[in-house]
Amino acid sequence: CVMQYKGTLIAVSDMEESKKFYQDLLGMQVVGDFGANVQLENGLFLQTKDTWENFIANKEIKLEHNAGELYFETPDMDEFLKLLEMFQVEYVHEPKKQSWGQRAVRFYDPDHHIIEVAEDLVMVMKRFADSGMTVEEIAVRMDVPVSYIKEHLGII
């Protein structure tokens with residue numbers, strides 16, 4: 001039996017508010033709107049909480065948890081952080097630099113799903129290279145193999 005992963009579905013309390021949030025803040029376009037189910041690009045699906053509850057045999061839905069996140073990367077973290085300031089979000093944590101050098105911020109969507117937006121890893125590598133670090137130094141700093149850095153920076 002061959003499986004193909006198609007995406008992630010999250011339950012939402014207010015479909016219109018959630019669509020607006022994902023479109024306006026994260027730039028995700030709707031590729032299918034079926035009322036109670038909305039497909040956003042890149043395999044993210046929104047399902048109304050009441051219909052989702054019915055699909056899962058009326059099991060309790062716990063929206064507020066910290067057991068997972070939706071992960072996004074941006075090539076321009078500074079631009080995203082300016083955009084984020086225009087929204088009223090509850091932060092999991094303020095923008096920070098991870099130990100491997102990648103800048104990231106985590107916050108909640110309207111239904112308390114964690115969203116992480118981080119700097120594109122290739123941009124981190126380029127920033128380090130532009131600062132004069134060697135490929136080997138970048139690999140150590142980011143705790144990844146040299147081959148990974150070379151592959152993503154297009155070095156043969």
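## A charge over a ring

The charged end of Arg 127 sits over the ring of Phe 128, 5.3 Å from its centre, where a charge counts as sitting over a ring if NZ of Lys or CZ of Arg is within 6 Å of the ring centre and within 35 degrees of the ring normal. This is a predicted model, in which local features need pLDDT of at least 70 and side-chain atom pairs count only at pLDDT 80 or more, while totals for chains, interfaces and linings use all residues. Residues are numbered from 1 along each chain as its sequence is written, and side-chain values use heavy atoms, with hydrogens and water left out.

## Salt bridges around Glu 119

Arg 127 also takes part in a salt bridge with Glu 119, at 2.6 Å from N to O; the term salt bridge stands for a side-chain nitrogen of Lys or Arg within 4 Å of a carboxyl oxygen of Asp or Glu. At 29% relative accessibility, Arg 127 is partly exposed, whereas Glu 119 is buried at 5% (buried means under 20% relative accessible area, exposed over 50%, and partly exposed in between, with a 1.4 Å probe and protein chains only).

Glu 119 forms a salt bridge with Arg 103 as well, at 3.6 Å from N to O. Because Glu 119 lies in strand S8 (residues 114–119) and Arg 103 in strand S7 (residues 103–108), this pair ties together parts that are 16 residues apart in sequence; helices (H or I, at least four residues) and strands (E, at least two) are DSSP runs, numbered from the N terminus. Arg 103 is partly exposed, with a relative accessible area of 24%. Through shared partners, salt bridges join Asp 78, Arg 103, Glu 119 and Arg 127 into one network.

Four strands form an open sheet of mixed pairing, in the order S1-S4-S3-S2, and two strands are said to pair if DSSP finds at least two bridges between them. Strand S1 (8–12) and strand S2 (30–33) stand at the edges with a single partner strand each, so one side of each is left without a neighbour in the sheet. S2 and strand S3 (residues 37–40) run antiparallel and are joined by three bridges, and Gly 32 stands opposite Gln 39 in S3.

Across S1, S2, S3 and strand S4 (44–48) lies helix H1 (residues 15–24). A salt bridge connects Asp 33 with Lys 19, their closest N and O atoms being 2.6 Å apart. Since Asp 33 belongs to strand S2 and Lys 19 to helix H1, the pair ties together parts that are 14 residues apart in sequence. Asp 33 is partly exposed at 42%, while Lys 19 is buried at 10%.

## Aromatic rings

The structure holds four aromatic pairs, where rings of Phe, Tyr and Trp (its six-membered ring) pair if their centres lie within 6.5 Å, and planes under 30 degrees apart count as stacked, over 60 as edge-to-face and the rest as tilted. The rings of Phe 21 and Phe 107 have centres 6.4 Å apart and planes at 65°, so this pair is edge-to-face. Phe 21 in helix H1 and Phe 107 in strand S7 are 86 residues apart. Phe 21 is buried at 9%, and Phe 107 is buried at 0%.

Phe 107 is also paired with Phe 80, and because their centres are 6.3 Å apart and their planes at 20°, this pair is stacked. Phe 80 lies in helix H3 (residues 77–85), 27 residues from Phe 107, and counts as buried at 8% relative accessibility. Ring pairs link Phe 21, Tyr 22, Phe 80 and Phe 107 into a cluster.

Key: Contact = heavy atoms within 4.5 Å. Axes fitted to C-alpha atoms, helices over the stretch in contact; angles between N-to-C directions.
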